[in-house]
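Here is a short report on a helix and some charged pairs. Look over the structure first, then read on.

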Amino acid sequence: MDMSMPSAGLKSALFPDSGASDRARINALMEEVFQCAQGPGNALDDGISCLAQVLYLMYLARARKATSIAEVGFNIGYSSIAFLESSPQAKVTSFEINTEATVKSAKEFIDSRYPDRHQLVYGDSTQTVPAFQIPPSSEGFDLVFIDGGHDYPCAKADIANARRLAKPGATIVVDDLTPWFKWGIGPTTAWDEAVRDDVVTPLEYMSDSVAVSRVEGPAERAWAVGQYR
Ligand SMILES: C[S@@+](CC[C@H](N)C(=O)[O-])C[C@H]1O[C@@H](n2cnc3c(N)ncnc32)[C@H](O)[C@@H]1O
């Protein structure tokens with residue numbers, strides 16, 4: 001987990017980097033939820049987004065005018081904070097398999113900070129995402145973030161199942177396109193197949209906070225942004 005402040009700005013073609021004040025504010029929020037989730041006796045795993053990615057997700061959601069957002073993989077809520085901070089209108093639905101105290105404490109923090117704007121659906125996303133009912137008043141999610149189970153079958157299922165819940169042309173972000181790490185093989189394979197099969201159109205690849213034409217190692221963090229077709 002890298003909680004350090006990036007010295008350089010994000011270099012994305014999808015939005016302008018909005019600067020230092022956001023970094024300090026979002027970093028403080030991440031520290032707050034971290035302390036809250038850590039609690040006495042709670043143990044954190046290392047599946048946590050870095051500050052640069054949280055800022056990226058916030059700016060992306062804002063630039064795409066996404067207010068109805070779904071994410072697979074909540075953990076301690078960093079990416080939820082990104083989306084909830086993108087706009088006061090943003091609402092987030094998270095799918096999470098882990099029911100331990102760290103997750104529950106983070107959920108309490110999110111609810112106290114963003115009342116009535118966050119829903120957490122517990123269970124295995126390969127079951128809960130297909131079973132999820134979009135309210136009749138909604139056209140579906142306009143942004144989905146795939147960052148749950150990193151094995152290939154799960155990543156593949158999440159990309160396919162989230163499409164049913166998404167508006168046509170919704171934005172999709174798939175994390176961990178880093179096949180040189182063992183946890184990056186599943187998401188990378190699933191993403192490449194989604195592009196090949198015309199499920200998504202790629203918009204941008206990010207590698208260590210810089211937009212690239214194709215992700216290549218070595219990089220610590222890499223993800224893809226696309227649009228559902
Ligand atoms: C990398 S973390 C998510 C980090 C979070 N999106 C963020 O950026 O702060 C991955 C999360 O996915 C959850 N997860 C793993 N397999 C899952 C599954 N099959 N269904 C739902 N959640 C799952 C894990 O419990 C873990 O909390």
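Does lysine 156 count as buried, partly exposed or exposed? Lysine 156 counts as partly exposed, because its relative accessibility is 30%. Buried means under 20% relative accessible area, exposed over 50%, and partly exposed in between (1.4 Å probe, protein chains only).

This is a predicted model: local features need pLDDT of at least 70, side-chain atom pairs count only at pLDDT 80 or more, and totals for chains, interfaces and linings use all residues. Residues are numbered from 1 along each chain as its sequence is written, and side-chain values use heavy atoms, with hydrogens and water left out.

Lysine 156 meets glutamate 193 in a salt bridge. That term means a side-chain nitrogen of Lys or Arg within 4 Å of a carboxyl oxygen of Asp or Glu. The count comes to eight salt bridges.

| Pair | Distance |
|---|---|
| Lysine 156 and glutamate 193 | 2.7 Å |
| Lysine 167 and aspartate 142 | 3.1 Å |
| Arginine 196 and aspartate 197 | 2.8 Å |

Lysine 167 lies in strand β5 and aspartate 142 in strand β4, so the pair ties together parts 25 residues apart in sequence. Helices (H or I, at least four residues) and strands (E, at least two) are DSSP runs, numbered from the N terminus.

Now helix α7, residues 185-196. Buried residues of α7 include Trp191 and Glu193. Just after α7, aspartate 198 takes a positive phi of about 60°.

Note on methods
Expected span 1.5 Å × (residues − 1).
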